[in-house]
Amino acid sequence: MPAEFDSFTSGNVETRRRRLLTEPPVVRTTLLTLGIGFLVLFIGLPLVTVFTEALRKGWDAYLSALHEPAAFAAIELTLTVAAISVPLNMVFGVIAAWCITKFEFRGKSFLITLIDLPFSVSPVISGLVFVLMFGLQGWFGHWLSDNNIKIIFATPGIVLATIFVTFPFVARELIPLMQQQGTEEEEAAVILGANGWQTFWRVTLPNIKWALLYGVLLCNARAMGEFGAVSVVSGHIRGKTNTMPLHTEILYNEYNFVAAFAVASLLALLALVTLVAKSILEWKLKQAHALHAKSIANAES
Amino acid sequence: MKSRFLTAGILSAALGLFAQAAAAQTEFLNVSYDPTRELYQQVNAAFTKQWEANGGRKLQINASHGGSGSQARSVIDGLEADVVTLALEYDVDAIAQKGLINKDWVKRLPDNSSPYTSTIVFLVRKGNPKAIKDWGDLVKPGVAIITPNPKTSGGARWNYLAAWGYALKQPGGNEQKAKDFVAALFKNVPVLDSGARGSTTTFVQRGLGDVLLSWENEAYLAIKELGPDKFEIVTPPLSILAEPSVAVVDKVVDKKKTRDIADAYLKFLYAPEGQEIAAKNYYRPRDAKVAEKYKDNFKKIELLTIDGDFGGWTAAQKKHFDDGGVFDQIYVAK
């Protein structure tokens, strides 16, 4: 939004506005100190703690903690779950956003609410829903057990819970952008003789790719870091159904603090990488927005 | 390119699952309660060695730990445990009621299907600054007590019943006084974790509270892991005989055809080797010889029993821990 706004304002007005809106230096410094102090205290310090605790007994202890079979299994499971749930949510998210922004139909607002549901429900409840459906006492429990299909307390259950919890990320990221972009370009493509598939690949996808990547990134971060929902459906079998966050808790509970923080540090590293990637994507996204706004402005003038 | 990535992801995941399933080991799962992690790590290693040396199939024993009540719930919901080794009879009964374990399970093994016992002690900070010697000292003002939640934790139910039993045994003790006593005790509890191990880390790591009501084995382990210079154990003159229960989950072993392993596994817990491992991990062994060898570790104190003093687990559970029971009344009243 601000990018769009900027492109309309001339430099002169901008300086005057800035002078009017700026606080005196004392206020500015105080606010800045407060803000940065808060960040250091609540974000910086915990992050540093994770790494110092993980390396408390040196690199050898750190590496051997990660080399342990159970830790390895947890990393493998986390990656597997993300590798399944993130691409699926990417496809679902694009389809959902496409439906919502490019077509008019009854029940649209209901669909939007439904997409947001996983955000508003506590993750523990999300997990319990799957236990109630697929657990032995649940709706499909006996049928699954008779056919020897394991969902709850196995990888499929963890994947399902993760998909549910991370579902909104991609769609939520795409909907505002696609709404803003409207349907003119697609309509033009169709008039020029493109079929639906061509329209999507050649027109829609290039327009949304940065927002899509951004959504996928957030989705992936949450998929790997989810605790509550996964904890309910995991069964906590060591070396089998513990994801990295669950394994971290177990190690901590076993007084194995170095190993717990070693696994946690991997998650923290992931968060840092996500942060950098996020900044890059945000920058790209801003550019795309500005470009789009400019093309509209040009078309209108 | 994206679709290729997608296919690759699904394929590799599927292959991973397949590889796991194809491994030529028999997988065996022991679902246990919170403080037994170290015990069963050692038991599993020793049993696997013995089993395979005796020509049994190749074994992969897995373990799952958590609050006893929530673990029982998971087994009821389909966690495929070959055996359960939980904190108390009632939690195994809950599984039996759903038909997964035969109703007569308590009688199938010696000593009420409880191969080792324990009791409830106090873990205090070094030097015992609040001078806590007995249950009565816990309700003094300004004493912060750490105990898990009796709704989810087996250990917490033993804690609660020991306190109740103490109050009843006092001169002039009656039901009302016992209720007031546990109410006063839980007023001094700042945080209820869901399992025993959570409470221990709250007390020893996060430094909350003056006294931890703890399994004897859990208290010894905390001292061993974190140093005798920080904590000491106070064994009250009266406590409760905690009998953790073990059982084969019949429905699961029949389906997985692992009954032979499950039976041998539980028998191993009663055998001298298993008893020795239990004693080394500060569980009170049943075997007289092993008990004699480790008698210095375990103080002789007066122990209430669940059957003698509380009319068995079903009655105790109904009266104290079911919804609307005494615990709900006193804890909500806070």
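Q: On the other side of α4(A), what makes D60(A) and H67(A) exposed?
A: Exposed means over 50% relative accessible area, buried under 20%, and partly exposed in between (1.4 Å probe, protein chains only). D60(A) and H67(A) are exposed, so each has over 50%. By the way, this is a predicted model, where local features need pLDDT of at least 70, side-chain atom pairs count only at pLDDT 80 or more, and totals for chains, interfaces and linings use all residues. Residues are numbered from 1 along each chain as its sequence is written, chains are lettered from A and ligands numbered from 1 in the order written, and side-chain values use heavy atoms, leaving out hydrogens and water.

Q: Which residues of helix α4 of chain A are buried, and how do you know that they line one face?
A: They're Y62(A), A65(A) and L66(A), in a helix covering residues 58-67. Looking down the axis of α4(A), the buried residues fall within an arc of 95°, so they line one face of the helix. That arc is taken from the directions from the helix axis to the C-beta atoms.

Q: Why is Q275(B) called buried?
A: Its relative accessibility is 1%. The cut-off for buried is under 20%, so Q275(B) counts as buried.

Q: How do you know that Q275(B) touches P115(B)?
A: Contact means heavy atoms within 4.5 Å. P115(B) is listed among the residues that Q275(B) touches, along with others including Y270(B) and V290(B), not counting residues up to four places away in sequence.

Q: What makes up 40% of the 301 residues in chain A?
A: Buried residues do.

Definitions and conventions: Helices (H or I, at least four residues) and strands (E, at least two) are DSSP runs, numbered from the N terminus.
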